[in-house]
Structures are given as structure tokens and as C-alpha cells.
Amino acid sequence: MKYFSFLFFLTFFLFGCGSDDDGGDTFPSFEESTIQEILNAHNEYRSDVGIANINWSEEVATSAQAWADELAKDCEFKHSGGDFGENIWAGTEGAFSPTDVVMSWGSEIEDYDYDSNTCATDKDCGHYTQIVWENTTKVGCGVATCNGRDIWVCQYDPPGNFVGEKPY
């Protein structure tokens with residue numbers, strides 16, 4: 001029984017957050033169908049406001065995946081502060097599709113007033129406005145798992161959400 005307890009503890013310790021400690025490039029890349037699903041979800045919101053589609057970038061996706069992996073190491077939930085715009089999201093492992101994730105950000109449209117370029121009191125609209133930031137042309141996303149939660153990161157190039165500027 002002591003051996004089993006030790007083995008369980010060791011397994012939990014090593015794999016509890018779903019990432020490797022060596023910092024190597026161990027993250028998965030998305031299949032083409034998943035990339036297309038992510039793009040379709042983003043581009044639906046962009047089309048609704050009459051701006052050009054966003055395209056996938058492997059460079060941006062690599063950065064997003066690296067940040068998702070970093071967050072999963074300690075089950076953290078914070079922005080990277082890097083060179084790209086960024087949306088992050090977390091939910092029950094395997095329970096949400098890429099479309100669900102993007103739609104959760106896009107649903108902020110309900111609280112956004114384009115004419116005044118403001119968000120309803122005590123609401124957040126920055127995820128939505130990053131999706132529809134007209135000057136943004138590229139997106140890349142990554143996902144990592146920690147303690148039963150998928151942590152999604154999508155990054156955007158060039159970034160958006162500049163204070164005082166409308167997204168489109």
C-alpha cells in the first residue's frame with residue numbers, strides 16, 4: 001500500500017498540470033480542421049462588422065501554445081504581456097470546442113456600444129474588440145490542461161485594443 005501511495009503521489013506530482021517541466025517543445029499542434037474551426041469562429045464576428053478575415057499564423061500559434069503551457073505549469077490564469085494581443089479562457093477539460101471558446105469571447109458584443117466605443121458598466125468587452133480589431137490580420141492559438149481545466153490562449157498580430165481607438 002505504501003508503494004501504491006508513493007506511486008500515486010509521484011504520478012500526480014509529475015503529471016498533475018499536464019505539462020512537462022523540461023520546457024521543451026512538447027505541445028501538440030492543431031489539426032487543419034481545428035485551425036479552420038478557430039478561423040471560422042473568429043471570422044464570423046469579423047464578417048458581421050464588415051472587416052476582412054483573419055488568417056492563421058504558425059508563429060503566433062507557437063507563442064500562444066508556449067504561453068498556454070506556461071500557465072498550465074502552475075494552473076495560473078494571467079496575460080503574458082508579450083508582443084501580441086491576447087485572449088485567454090479556461091473551462092472543463094474536453095467539454096468545450098474551439099468555437100465555444102471563441103463564442104464566449106465574442107458574446108461580449110452584447111455589452112459593447114460601438115458608437116460610444118464603451119462597454120457596459122462592470123462588463124468586459126476587450127476580448128470581443130480584439131477579435132474584431134480591423135488592423136489585426138493573424139491569429140494563433142494553443143491549449144494546455146491543468147487539474148481538469150483546459151486553458152486556451154489565442155494571440156493576435158498586430159495587437160489591438162488601444163485606448164481611445166475603435167476596433168473598426
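The legends below describe close-up views of one predicted model.

In this predicted model, local features need pLDDT of at least 70 and side-chain atom pairs count only at pLDDT 80 or more, while totals for chains, interfaces and linings use all residues. Residues are numbered from 1 along each chain as its sequence is written, and side-chain values use heavy atoms, with hydrogens and water left out.

**Figure 1. Overview of the chain and its secondary structure.** The chain contains 5 helices and 6 strands; helices (H or I, at least four residues) and strands (E, at least two) are DSSP runs, numbered from the N terminus. Read from the N terminus, the order of elements is α-α-β-α-β-α-β-β-α-β-β. Of its 168 residues, 39% count as buried, where buried means under 20% relative accessible area, exposed over 50%, and partly exposed in between (1.4 Å probe, protein chains only). Among contacts (heavy atoms within 4.5 Å) between residues at least 6 apart in sequence, 70% join residues at least 24 apart.

**Figure 2. The largest nonpolar core.** A nonpolar core is a set of buried Ala, Val, Leu, Ile, Met, Phe, Trp, Tyr and Cys residues joined through side-chain atoms within 4.5 Å. This core has 24 residues, of which Trp56, Trp105, Ile131, Val139, Cys141, Trp152 and Tyr156 touch the most other members. Two or more residues come from each of helix H2 (32-48), helix H4 (98-106), helix H5 (126-131), strand S5 (138-146) and strand S6 (149-157). The largest share, 5 residues, belongs to H2. A second, separate core of 10 residues includes Ala64, Ala72, Cys146 and Ile151. In soluble globular proteins, nonpolar side chains tend to be buried together.

Figure 3. Trp56 is buried, with a relative accessible area of 18%. Beyond its neighbours within four places in sequence, Trp56 is in contact with Phe30, Ile35, Ile38, Leu39, Ala61, Val139, Gly140 and Cys141. Rings of Phe, Tyr and Trp (its six-membered ring) pair if their centres lie within 6.5 Å; planes under 30 degrees apart count as stacked, over 60 as edge-to-face and the rest as tilted. The count by this rule is 7 aromatic pairs. One of them, Phe30 with Trp56, is edge-to-face, at 6.2 Å centre to centre and 75° between the planes. This pair links distant parts of the chain, 26 residues apart: Phe30 lies in the loop between helix H1 (2-15) and H2, and Trp56 in strand S1 (residues 55-56).

**Figure 4. The ring pair of Trp89 and Phe96.** The ring centres of Trp89 and Phe96 are 5.0 Å apart and the planes lie at 75°, so the pair is edge-to-face. Trp89 counts as buried because its relative accessibility is 13%, whereas Phe96 counts as partly exposed because its relative accessibility is 37%.

**Figure 5. The surroundings of Thr136.** Thr136 is placed in the loop between H5 and S5. Its relative accessible area is 0%, so Thr136 is buried. Not counting residues up to four places away in sequence, Thr136 touches Arg46, Ile54, Gln130, Tyr156, Asp157, Pro158, Pro159 and Gly160.

**Figure 6. Thr62 and Cys141.** Thr62 belongs to helix H3 (residues 58-74) and, at 39% relative accessibility, counts as partly exposed. Although 79 residues separate Thr62 and Cys141 in sequence, their C-alpha atoms are 7.8 Å apart in space.
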